[in-house]
Amino acid sequence: DIYRGNNNGVLADVELNDKVTQASRAAVRALVSQSTDSNGRVKEVKNFFDEVGGFFGGLIGSKKPWTQAIIDNGFPNVSEERLAPVMAYLEFCLKQVVANNELPGIMELLNG
């Protein structure tokens, strides 16, 4: 319904669609930023739970970075449990992108 209203120019739906888009981008940005080095490159994808801070953050009830990004973008009732499979899939995709970017360098080394 939101997309249909957005396409038909219903202002409330256009605004909600934009809000959802911005929150989604912020969540993905938060996911990628946890694996980005000081030069802005993703060399190794880090799972949120790989970090010691993630463990302690979970103990004190803090939100995962992508959940907090969605909350900060106007969706305070977002469920981390419902986001978990989507974020796990996006993390897998990021790992594949990193692996694909490394492949040409590996092939060059192997071929001498």
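Which hand does the crossing of α2 and α5 have? I began my notes with that. The crossing is right-handed. I keep in mind that this is a predicted model.

**Entry: α2 against α5**

I looked up the two helices. Helix α2 covers residues 11-33, and helix α5 covers residues 80-111. I know that two packed helices are described by the angle between their axes and the distance between the axes. For α2 and α5 the angle is about 55°, and the axes are 11 Å apart. That makes α2 oblique to α5.

**Entry: α2 against α4**

Next I turned to α4, which spans residues 65-72. How far apart are the axes of α2 and α4 where they pack, and what is the angle? I found 8 Å between the axes and an angle of about 155°. Angles over 145 degrees count as roughly antiparallel, so I put α2 and α4 down as roughly antiparallel to each other. The crossing of α2 and α4 is right-handed.

**Entry: Ser-24**

Is Ser-24 buried or exposed, or partly exposed? I noted a relative accessibility of 39%, so Ser-24 counts as partly exposed. I then checked Ser-24 against Trp-66. The two are 42 residues apart along the chain, yet their C-alpha atoms are separated by 8.8 Å.

**Entry: salt bridges**

How many salt bridges are there? I counted 2.

One joins the side chains of Arg-4 and Asp-1, at 3.1 Å from N to O. Arg-4 and Asp-1 are both exposed.

The side chains of Glu-80 and Lys-64 also meet in a salt bridge, at 3.5 Å from N to O. Glu-80 lies in helix α5, and Lys-64 sits in the loop between α3 (52-59) and α4, so this pair ties together parts that are 16 residues apart in sequence. I checked the cover too: Glu-80 is buried, and Lys-64 is buried as well.

**Entry: a nonpolar patch**

I went back to the surface. Which residues form a nonpolar patch there? I listed Leu-103, Ile-106, Met-107 and Leu-110. Together they have about 400 Å² of accessible area.

I took Met-107 for a closer look. Met-107 belongs to helix α5. Its relative accessible area is 40%, so Met-107 is partly exposed.

**Entry: recap**

I end with helix α5. It packs against α2 at an angle of about 55°. Helix α5 holds Glu-80, the partner of Lys-64. Met-107 of the nonpolar patch is in helix α5 too.

Key
Residues numbered from 1 in each chain as written. Predicted model: local features only at pLDDT ≥ 70, side-chain atom pairs only at ≥ 80, totals over all residues. Heavy atoms only, no water. Patch = residues over 30% accessible without salt bridge, like charges linked within 9 Å, V, L, I, M, F, W, Y side chains within 5 Å. Areas by Shrake-Rupley, 256 points an atom, 1.4 Å probe, with all protein chains shown as cover. Salt bridge = Lys/Arg side-chain N within 4 Å of Asp/Glu carboxyl O. Helix = DSSP H or I, 4+ residues; strand = E, 2+ residues; numbered from the N terminus. Buried < 20%, exposed > 50% of the residue type's maximum accessible area, 1.4 Å probe, protein only. Axes fitted to C-alpha atoms, helices over the stretch in contact; angles between N-to-C directions. Parallel < 35°, antiparallel > 145°, perpendicular 65-115°, else oblique. Left-handed = near helix turned anticlockwise from the far one by under 90°.
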